[in-house]
Every structure is written in C-alpha cells, then in structure tokens.
Protein chains: 2
Amino acid sequence: MKSQRLIEPKRLKGFRDYSPQLMALRQTIMSSMRRHASLAGFQEIGTPVLEYAEVLLGQGGDETDKEVYRFKDHGDRAVAMRFDLTVPFARYVAEHQGEMVFPFKRLQIGDVWRGENTQKGRYREFCQCDLDIIGVESMAADVEIMSSLLDVLAGVAPTPLTLAIGHRGVLSSVIHCTMPSAFAEATRNEATEAAILIAIDKLAKVGRDGVAKILSAIPGVQSGDVDALLSVVLARTPAGDSDLDVVRKAAAGDVATAAAVDRLEQMIAMVRSCARDSGHSSKVRLDLSIARGLGYYTGVVFETTLDQLPGFGSVASGGRYDGLVSRFSTRSLGGVGGSIGLDRLVAGLEELGLAHAPKTPTVFVAVATEDAGAYGFALARQLRREGLACDIGLTTGKLGNQFKHADRCGYPWVITVGSDEVKTKTFSLKQMATGEEKRHIDAADLVAEIKSRL
Amino acid sequence: MKSQRLIEPKRLKGFRDYSPQLMALRQTIMSSMRRHASLAGFQEIGTPVLEYAEVLLGQGGDETDKEVYRFKDHGDRAVAMRFDLTVPFARYVAEHQGEMVFPFKRLQIGDVWRGENTQKGRYREFCQCDLDIIGVESMAADVEIMSSLLDVLAGVAPTPLTLAIGHRGVLSSVIHCTMPSAFAEATRNEATEAAILIAIDKLAKVGRDGVAKILSAIPGVQSGDVDALLSVVLARTPAGDSDLDVVRKAAAGDVATAAAVDRLEQMIAMVRSCARDSGHSSKVRLDLSIARGLGYYTGVVFETTLDQLPGFGSVASGGRYDGLVSRFSTRSLGGVGGSIGLDRLVAGLEELGLAHAPKTPTVFVAVATEDAGAYGFALARQLRREGLACDIGLTTGKLGNQFKHADRCGYPWVITVGSDEVKTKTFSLKQMATGEEKRHIDAADLVAEIKSRL
C-alpha cells in the first residue's frame with residue numbers, strides 16, 4: 001500500500017458523518033419511537049434499500065422521480081435507491097398480503113435518498129420514521145395514525161407542536177365547486193387538478209398573491225375563479241381553523257361534499273381529544289390549504305411543526321393513500337400513514353437547545369505497568385458485568401497520558417493498576433472532579449464506592 | 001392512477017424484506033450489542049451509504065471491487081455504495097482526526113451491499129456490527145477488540161463459540177522462511193505473497209491437497225516449498241492450536257519472527273483469560289492458517305464460529321489494519337477491529353432454534369358501536385400511558401371480526417366498549433385463553449387486573 005497516492009478523504013455533498021454525540025441522540029430518539037409505537041400496537045418491518053426502478057418510480061410525482069438515485073446493477077437490471085418508505089411498503093403489502101393480518105399497523109425506520117439541491121438542514125441521505133395502518137379505510141384509522149404520531153413526537157420533542165390537518169377530498173371538492181370552468185374539458189381534469197394542488201401547496205412559501213399568479217397561469221383557470229378558490233381555502237374561524245361553514249356554503253347542494261365536511265369535523269374533534277388524553281400540549285389545527293406535494297394522497301393530509309421554530313417547516317407529515325397498493329395488486333387496500341423526518345427533527349431540537357445526548361462514561365482503568373495488563377483487563381470485565389461503563393488504557397507505561405486521555409473523554413473516575421496493586425490485589429481510585437484518591441481498596445469496595453456516587 | 005398497468009411487486013434477487021418477527025429479533029440483538037459495546041467504552045458513529053468510488057475501491061481486493069454497487073450520480077460523480085464499514089471508517093478518521101481523541105473506540109452498525117452470487121443465508125444487502133480501536137498499535141488493543149467482540153456475541157448468542165486467531169505478520173514470516181525461492185525476484189514479492197495468502201485462506205474450503213495444488217501453480221513456488229509451508233501452517237499441538245514451537249524452529253535465527261511469536265502467545269493467553277473472566281463459555285484457538293481475504297490486514301486476524309454449526313462459516317471476523325488510514329492521511333494511525341455479521345448470526349440462531357422474537361402484544365380494545373369510538377380511544381391512550389401495549393379496533397360495528405382479529409394477532413386480553421359501557425363509564429374485559437369475561441369494571445380495576453396477570 002505504501003506506493004499508493006494519497007486519496008482525499010472527502011464526503012459527497014449533501015451526505016454527512018454522524019459523530020458519537022449526534023448518533024447517541026439519534027439512537028435515543030429511535031428507541032423512544034420504537035417504544036411508543038410498540039405500545040400502540042405498531043409492528044416494525046424492514047425493506048431493502050435497492051428496489052427495481054419501476055417499483056419506485058412514477059409514484060411521488062415528477063419532481064421526486066428526478067431526484068431518485070438510479071442505475072443499472074451487475075445483472076443490467078434498472079434499480080433505484082428508495083426515496084421514501086411508503087412506496088416500498090405498498091410493494092411489501094402487495095407481495096406479502098397472504099401472510100399478513102389486516103388491518104396491519106406498521107412501523108419502519110430507515111434512511112432514504114434524494115438527490116435534491118442541498119440547503120441548510122436538508123440532506124441527500126436522511127432518516128424517516130413511518131407509522132402506517134393498511135387495510136382499513138375508516139376515520140378511526142386516520143385518528144389513530146395522527147394521534148400516535150403526536151404521541152411518538154411528544155415522547156422525543158419536549159416542545160409545543162402543532163398538527164395541521166387538511167383533506168385532499170374536501171379540497172378537491174372546493175376546487176371543482178369554485179372553478180367549474182377549469183374542468184370544462186374532460187381530458188384536462190387530472191392534470192389541471194394536480195397543477196392547482198401543487199400551486200396551493202406553495203401558500204406558505206410564496207403567499208396568497210404568489211399562488212394567485214401561479215393559478216392564473218394554469219390553462220383554463222379564470223381570474224375570478226382564483227379569488228373564489230382562495231377565499232374559501234383561506235377562510236379562517238376566530239380560532240384560526242379553516243372555516244368549514246364557508247366550505248359548506250361554497251359546495252351548497254353537493255351532498256357528498258357536505259358529508260365529507262361533517263366527517264372531517266368529527267375527525268378533528270377526535271384527534272384533539274386524543275391529544276388531550278395523551279397529556280401533551282400539542283395543538284391540532286384544521287388547514288385546508290395543506291395539499292402535500294406527493295401524488296399518491298387521496299384523503300386526509302397533515303403536517304406537524306414546532307411552534308417555537310416558525311418557518312422551519314414540517315417535522316412529520318403524511319396522509320391517506322387508498323390507491324397505492326392497487327398499483328401492485330388487484331386487491332384494494334386502503335392505507336393511511338405519516339413520516340417523522342428524524343434528521344429534520346434532530347436539527348430542530350438542536351436549534352432549540354433541546355438536543356441532549358445521554359452519553360455517560362463512567363470509569364477509566366489506567367494501566368501503570370505492563371505486568372498489570374491482565375489484572376486491569378480482569379477488573380474492566382468485572383465492572384462491565386456490574387453494569388458500569390468502563391474503558392481501559394491501551395498504551396501501558398505512560399500513566400500521565402492515560403490520565404489526560406480519561407480527562408478529555410470525560411470519565412469521572414480513574415482506577416490505576418500497577419505492580420503494587422497486582423501484588424496487594426487492590427486498586428487505586430481517583431475521582432477526577434475533586435482529585436480525591438483512595439489507595440489499596442478491593443474490588444467490592446470499589447464497585448460499591450462508584451455505584452454510591454453515580 | 002386507475003389507468004396504470006399493474007406492476008409486479010417483486011424484489012431484487014439477494015434482497016429481502018424483514019417481517020415483524022425477524023425485525024423484532026434483529027432489533028433485540030442490535031440493542032444488546034449497543035449496550036455491551038457502550039459498557040466497554042465504544043462510541044457509536046455513522047457514515048453515509050454512498051461515498052466517492054475512489055474512497056471505497058481498491059481496498060478490499062479485486063474480488064470485492066467487482067462486487068461493489070457503483071454508478072454516476074446526478075452530478076456525474078463516480079459514487080459507490082459501501083461494501084463494508086471499515087474503509088468508510090478509515091475515511092472518517094482521516095477527515096475528523098482533528099476533533100477526535102485517540103485511541104478512539106468505535107461502534108458502527110449498518111447495512112452494506114455486495115453484488116455477489118447469492119447462496120443460502122448470503123444476501124446482497126446485509127447488516128454488520130463493527131467494533132474498532134484506532135490510534136494505537138498495542139497488543140492490549142488487539143486483546144480488547146477480540147474479547148469485547150466475544151462479550152457482545154455471547155450477549156446475543158447463547159451457544160458455544162470459538163474464536164480462531166491467526167497473525168498475518170507471523171504467517172508472512174513463515175511463508176518467507178519456508179519458501180525463500182519464491183521471493184528471489186524482488187519485483188514479484190507483494191503479488192506472490194498475496195497469492196499465497198489467498199491460497200492458504202482456502203484451506204477450510206478445499207483442504208490441504210487443494211491448497212497445495214493452487215500454491216504449486218504460483219510462479220516461482222517450488223513443490224518442496226509447498227510441503228514445507230503447509231507442514232508449518234498445519235502443525236497442531238495436542239490441544240488443537242497451531243504449534244508455535246514448529247514455527248520457531250522454521251524461523252530459526254530470525255529474531256523479529258521469534259519476538260512476534262512470543263507476543264502472539266501472550267496475546268492468546270490474555271484473550272483466553274478475558275473470555276474466562278467474562279463468564280461465558282467461548283473457546284479461543286490459535287490458527288495460523290487464517291489469512292482472511294481482505295487485502296488491508298497487517299497483524300492479528302480472527303474469525304468466530306458457532307460450535308454447533310460446523311461448516312456454517314464465520315459470524316464475526318476482523319484483524320489489525322495499520323495501513324488503512326494512511327491511504328487518506330499522512331498521519332499514521334494503527335487500527336484493529338472486527339465485524340459481526342448480524343444477518344449471518346441471525347440465520348445461525350434460527351438454524352439452532354435460538355431465534356426468539358420478544359413480541360408481546362397485550363390488550364386489544366374492541367369498539368362495538370360507533371358512538372363508543374372516542375371512549376375507546378381515550379382508554380387506549382390511558383393504557384399506553386400505563387405502559388401496556390394496546391391496539392384498538394378500527395372497523396366499528398363488526399365486533400365478531402374484531403375479536404377474530406385480536407385472536408389472530410395473539411392479544412391475550414380484549415376489552416369491549418359500546419353504548420352500554422359509555423353510559424355506565426365501565427368496560428368489559430375478556431381473557432382470551434380462558435374465555436373468562438368481566439363486565440362493568442372501571443378503568444383502574446381494569447389496569448390492575450391486567451397488570452396482576454402479566
């Protein structure tokens with residue numbers, strides 16, 4: 001290897017290393033998510049990172065397709081790295097439906113990849129934590145998903161959250177009721193509606209005027225329609241929710257829409273009541289302007305934000321996707337789910353000063369003389385069996401360096417072993433904060449002493 | 001979406017889905033590994049799945065390079081998916097050495113990808129759990145790695161293990177002492193030694209005669225040399241270890257080799273003593289015929305096998321790689337580490353009937369009437385807050401189906417809520433195993449009853 005040129009140890013743009021501090025925080029969050037999800041009856045599954053490209057593509061919309069990492073593998077198969085955990089889950093359900101019991105409540109935690117433009121807090125590799133319920137189309141499933149996500153989030157983010165809930169079905173009714181002329185040509189229906197949804201989704205980013213401009217540019221859309229649509233979508237009650245009475249008036253006479261609006265009102269009330277029962281301070285808001293970019297949503301859609309970080313964006317989002325599994329199977333299986341953006345959440349907690357890694361090193365065994373190596377190792381193993389985290393000096397003969405190392409790593413206790421300790425079958429124990437040192441104590445007293453001071 | 005053709009929900013060959021049972025087992029194993037590694041002072045880090053191809057390639061040997069998934073990304077960069085966690089760690093160390101405290105004890109758990117031929121129990125995506133110590137070249141570090149790996153393994157695999165330890169340096173000395181003619185031409189040295197190592201590595205697969213044949217075909221190797229080499233490498237003490245006295249005799253007069261052999265003998269004794277101290281039944285064997293395929297090893301090399309599954313292969317392996325970081329940095333940092341093949345280990349435990357997933361569903365809340373939905377949700381949230389895992393029926397009105405579902409999912413308790421329970425503020429509780437049912441009990445009694453019977 002000596003003759004090789006030096007290779008620059010560089011990382012790809014948009015990809016990061018996870019330091020021990022960051023990793024400890026992420027693991028703590030993931031453990032908490034697993035515990036909360038398991039308490040709510042969700043079962044964890046996993047799917048491969050690589051899938052056939054045709055399984056993944058064409059589901060998240062054109063924008064997403066462009067960002068997918070795809071290539072030909074060794075067998076010349078067109079493969080792609082997953083860009084979310086929802087589409088692979090639809091494939092999983094279609095493939096394994098014979099072995100599954102429905103409704104199936106699923107947890108999945110895993111990395112996903114998108115070659116999007118990198119920005120602050122946005123990475124090309126990031127971790128998602130998904131909760132889904134598949135095989136049931138009831139409102140109860142929507143309520144269970146949203147309230148479980150809030151429980152999971154509240155368990156890891158001790159800060160006020162707001163869950164904003166919209167509904168693709170109701171929004172679609174509003175669009176059709178307020179913009180009849182845009183849908184005059186039957187062939188244009190789906191593309192027009194998609195373009196309008198994408199425009200509405202930009203409200204938070206570009207504001208009412210910006211969206212009005214985008215809407216006006218859509219073929220078939222008239223400027224009077226734009227105002228009619230936006231005044232319904234943006235109508236608010238004094239409490240700040242979307243005003244469903246305005247929606248009812250706009251859809252006057254449309255029985256199906258009236259029923260959907262009633263059910264949405266019930267759903268919001270139940271999610272609120274669940275959040276209250278769970279004892280955390282999350283707020284639930286009805287916001288019909290939430291459309292979500294991904295193409296596969298069909299019913300409820302939602303986003304969750306950190307109240308103390310306005311403008312930071314959503315840390316958890318999702319919705320109902322009743323058509324996704326039917327892409328792979330003739331059996332129709334309704335689904336609803338949400339993803340927590342784990343790395344977004346971590347970035348938010350860091351910004352709020354709430355990112356506390358739980359690292360607690362305990363004991364460092366310094367080895368003063370080479371003949372004490374085995375004696376030190378035996379002690380280290382005994383301490384670990386007692387549940388005390390313990391590192392050991394690996395460079396004998398340089399005691400000062402070992403103390404310096406223990407200090408830099410933050411070990412509160414250092415035990416020294418050398419020829420004298422081996423001979424007397426004892427140990428020296430030093431508390432780093434006070435400098436207090438005890439010599440010639442035996443193993444049992446040592447363990448008792450450390451445990452009593454933890 | 002209606003007009004789309006049905007896409008076959010197929011997975012790529014060599015990739016698998018992880019069912020809830022398998023995932024629960026993997027998570028249990030990973031948690032145990034994290035706990036044991038943390039007790040021994042290892043810190044967990046993470047690195048990206050994708051790296052610049054030049055960072056990863058040319059390090060594992062040609063065989064490995066051929067198996068690496070590589071492609072051009074959106075920015076036309078040559079990228080590759082990691083095939084192990086060791087090479088990315090060398091890049092990590094070179095990049096972050098300024099922020100790190102050495103020696104650094106590292107844990108990393110993550111998936112890796114190799115497009116190798118698939119066989120039973122071998123996948124193209126598999127999970128590795130790595131322990132490494134970087135920045136120290138002492139024997140103590142080698143001992144700490146091997147004994148920590150044994151501790152981590154013993155914590156998750158309650159079955160006898162054997163750690164077989166070899167040494168690249170000593171093996172290289174033996175090769176040079178017994179085959180002087182093969183190294184007569186200076187230009188041939190490195191390639192010849194690599195070819196001989198690769199041949200020796202095949203002993204378990206093709207036997208002594210097979211290896212002899214491969215060795216004889218290497219340019220410069222004479223048939224007498226082959227016998228001389230193999231008789232040293234395969235010499236065994238009555239206890240089954242490589243016979244170091246035979247090595248000493250073969251290397252007679254070579255002072256460096258004699259010293260290396262002495263140190264290896266000490267190392268084996270210390271690892272044995274650590275294994276004994278840790279209280280598990282692992283055996284430690286000295287086996288100079290272990291060469292390991294990967295090109296980057298420079299000192300000790302080791303493999304771990306399950307005694308009850310002869311022929312199953314190694315579940316954990318590694319070695320010392322003192323030159324790896326210097327590929328990226330002018331600073332020399334010695335390293336030693338090992339990987340546990342988590343999925344290999346799981347496959348082994350499954351074959352031995354030791355793969356027990358810890359899934360314990362507790363309570364299912366069946367919702368008899370639609371007006372009881374909110375009441376049922378409130379109870380579910382209360383039970384979860386009490387630490388009781390609890391699922392809830394999401395299809396109201398079909399009580400029989402909900403009981404059938406709870407039974408198929410294995411819930412031992414079913415609570416029913418309906419109009420009557422809402423009115424009386426009580427619940428009905430049924431124990432599924434006995435069929436015993438209690439009606440009109442309140443929430444506090446319900447929780448007490450379930451907890452008392454868990």
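This is a predicted model: local features need pLDDT of at least 70, side-chain atom pairs count only at pLDDT 80 or more; totals for chains, interfaces and linings use all residues.
From α1(A), the residues Ile29(A), Ser32(A), Met33(A), His36(A) and Ala37(A) meet Asp151(A), Val152(A), Gly155(A) and Val156(A) of α5(A), where contact requires that the C-beta atoms, placed from the backbone, lie within 7 Å. By class, this contact of α1(A) with α5(A) has five nonpolar, three polar and one charged residues (Ala, Val, Leu, Ile, Met, Phe, Trp, Tyr, Cys and Pro count as nonpolar, Asp, Glu, Lys and Arg as charged, and the others, Gly among them, as polar).

Helices α6 (residues 168-178) and α9 (residues 223-233) of chain A likewise pack at an angle of about 145°, with their axes 9 Å apart, and α6(A) passes α9(A) in a right-handed crossing. Here Val174(A), Ile175(A) and Thr178(A) of α6(A) make the contact with Asp225(A), Ala228(A), Leu229(A), Val232(A) and Val233(A) of α9(A), and the classes represented are six nonpolar, one polar and one charged residues.

Chain A as a whole has 16 helices and 16 strands, taken as DSSP runs (H or I of at least four residues for helices, E of at least two for strands) numbered from the N terminus. Its radius of gyration is 29 Å, well over the 22 Å given by the globule rule for 454 residues, so chain A is more spread out than a compact globule; the radius is taken over C-alpha atoms, and the rule is 2.2 Å times the number of residues to the power 0.38. The C-alpha trace of chain A spans about 95 × 55 × 45 Å along its principal axes. Among contacts in chain A between residues at least 6 apart in sequence, 67% join residues at least 24 apart.

The contact between the chains takes 88 residues from chain A and 88 residues from chain B. On the side of chain A, the largest share, eight residues, comes from helix α13 (residues 373-385), and by class that side has 42 nonpolar, 23 polar and 23 charged residues. Since 100% of the interface residues of chain A are also interface residues in chain B, the copies meet through the same surface. Chain A can be laid on chain B with an RMSD of 0.1 Å by a turn of 180° and a shift of 0.0 Å along the axis, the superposition being by least squares on the C-alpha atoms of residues with pLDDT of at least 70 in both. The two copies are thus related as by a two-fold rotation axis, and the C-alpha of chain A nearest this axis, that of Phe71(A), is 3.1 Å from it.

Residues are numbered from 1 along each chain as its sequence is written, while chains are lettered from A and ligands numbered from 1 in the order in which they are written. Local features need pLDDT of at least 70 and side-chain atom pairs count only at pLDDT 80 or more, whereas totals for chains, interfaces and linings use all residues.

Note on methods:
Two residues are in contact if their C-beta atoms, placed from the backbone, lie within 7 Å. Axes are lines fitted to C-alpha atoms, for helices over the stretch in contact, and angles run from 0 to 180 degrees between N-to-C directions. A crossing is left-handed if the near helix is turned anticlockwise from the far one by less than a right angle, and right-handed if clockwise.
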